[in-house]
Amino acid sequence: MNRFDMLSLIGIVSGLTMILISILIGSNIGLFISIPGLLITVGGSFAALLVNFNSQQVYNVLKTSRNIFKKNGVDFQEIIDIFADLARKARREGLLGLEDDVERLEDPFYQKGIRLMVDALDPDLIKDILETDIDYTRQRHELGQKVFKAWGVYAPSFGMIGTLIGLIQMLSKLNDPSALGPAMALALLTTFYGALLANLVFIPMAGKLELKSEEEILSRYLMLEGIIGIQSGMNPRILEEKLKSFVGPQAAKQDETAKEKEAVFS
């Protein structure tokens, strides 16, 4: 079940709040608002994304970026328990008996694997199909990370471009002291915008996508091992221990901690 990831939102909001407080203590917030600066930094960096990636790639990444603020709720122990139960059921009723368990998890990868197993496909073919699915998922996730990492590079770069524009404007108006201030403000604000967006939004979002990708890929390899183990007739107890070893103690500890937190706040 998807749940809202408060830490991501809290991180961005708290970072902006600390910066805002620092600004208010020392000056007027109006001094840090520049529409031309935002157009150069945000608009320019986004335009560079459209040059680097095709429009469909950018659209798909931006459309799915809301997942950054969702907890996908991957419960490794639940997956292990389900496959141990499926292994016991397969021993009693055969692989066809697992047909009713296809919808047990709302995960397309799990459902595909169970259907392939029930259809009695060759184990090597099932493994090849599912590993191809995992590779495609990894590539799709890496694209999202690349887009936000690229945006994190372009934003400061266009901030520097804005700085150059401001300096050119300032130097062209040295004979008019009243025009020096706005030009210098534009020069500095675009660098500020670029550094802020890159280090508080774009690069951290790429990092969060990477963590979520690693978690999802691990869960899929866990399911793959479970499916192959069941089809090969592995003892349910041995399969359960193998899956636990596959996940490792760190993931099991994370599951236990997550369950404890959920019990406290529920």
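**Close-up views of the predicted model**

**View 1. The end of helix α7 and the residue that follows.** Just after α7, the residue G233 adopts a positive phi of about 80 degrees. The model shown here and in the views below is a predicted one.

**View 2. Helix α7 from end to end.** Along its course, α7 bends by about 45 degrees at A198.

**View 3. The whole chain, for orientation.** Nine helices and two strands make up the chain, and from the N terminus on these elements follow the order β-α-α-α-β-α-α-α-α-α-α. Of its 266 residues, 38% count as buried, while the chain exposes about 15200 Å², of which carbon and sulfur atoms supply 62%. Among contacts between residues at least 6 apart in sequence, 76% join residues at least 24 apart.

**View 4. The largest nonpolar core.** This core holds 29 residues, and those with the most contacts inside it are F83, L86, Y110, I114 and I230. Two or more residues each come from α4 (76-93), α5 (108-118), α6 (123-171), α7 and α8 (236-247), with α4 giving the largest share, eight residues. In soluble globular proteins, nonpolar side chains tend to be buried together.

View 5. Once neighbours within four places in sequence are left aside, F83 is in contact with Y110, I114, M223, G226, I227, I230, L239 and L243.

**View 6. The loop between α5 and α6.** A120 is found in the loop that lies between α5 and α6, and although A120 is not a glycine, its phi is positive, at about 60 degrees. Is A120 buried or exposed? A120 counts as exposed, because its relative accessibility of 58% lies above the cut-off of 50%.

**View 7. Confidence along the chain and its last residues.** The pLDDT averages 84 over the chain, and 90% of the residues score at least 70. Over residues 257-266, however, the pLDDT is below 50, and this stretch has three contacts in the model beyond near neighbours in sequence.

Conventions. Residues are numbered from 1 along each chain as its sequence is written. Side-chain values use heavy atoms; hydrogens and water are left out. The bend at a residue is the angle between axes fitted to the seven residues ending there and the seven starting there. Helices (H or I, at least four residues) and strands (E, at least two) are DSSP runs, numbered from the N terminus. Buried means under 20% relative accessible area, exposed over 50%, partly exposed in between (1.4 Å probe, protein chains only). Contact means heavy atoms within 4.5 Å. Accessible areas come from the Shrake-Rupley method with a 1.4 Å probe; for residues, only the protein chains shown count as cover. A nonpolar core is a set of buried Ala, Val, Leu, Ile, Met, Phe, Trp, Tyr and Cys residues joined through side-chain atoms within 4.5 Å. pLDDT is the predictor's confidence in each residue, from 0 to 100.
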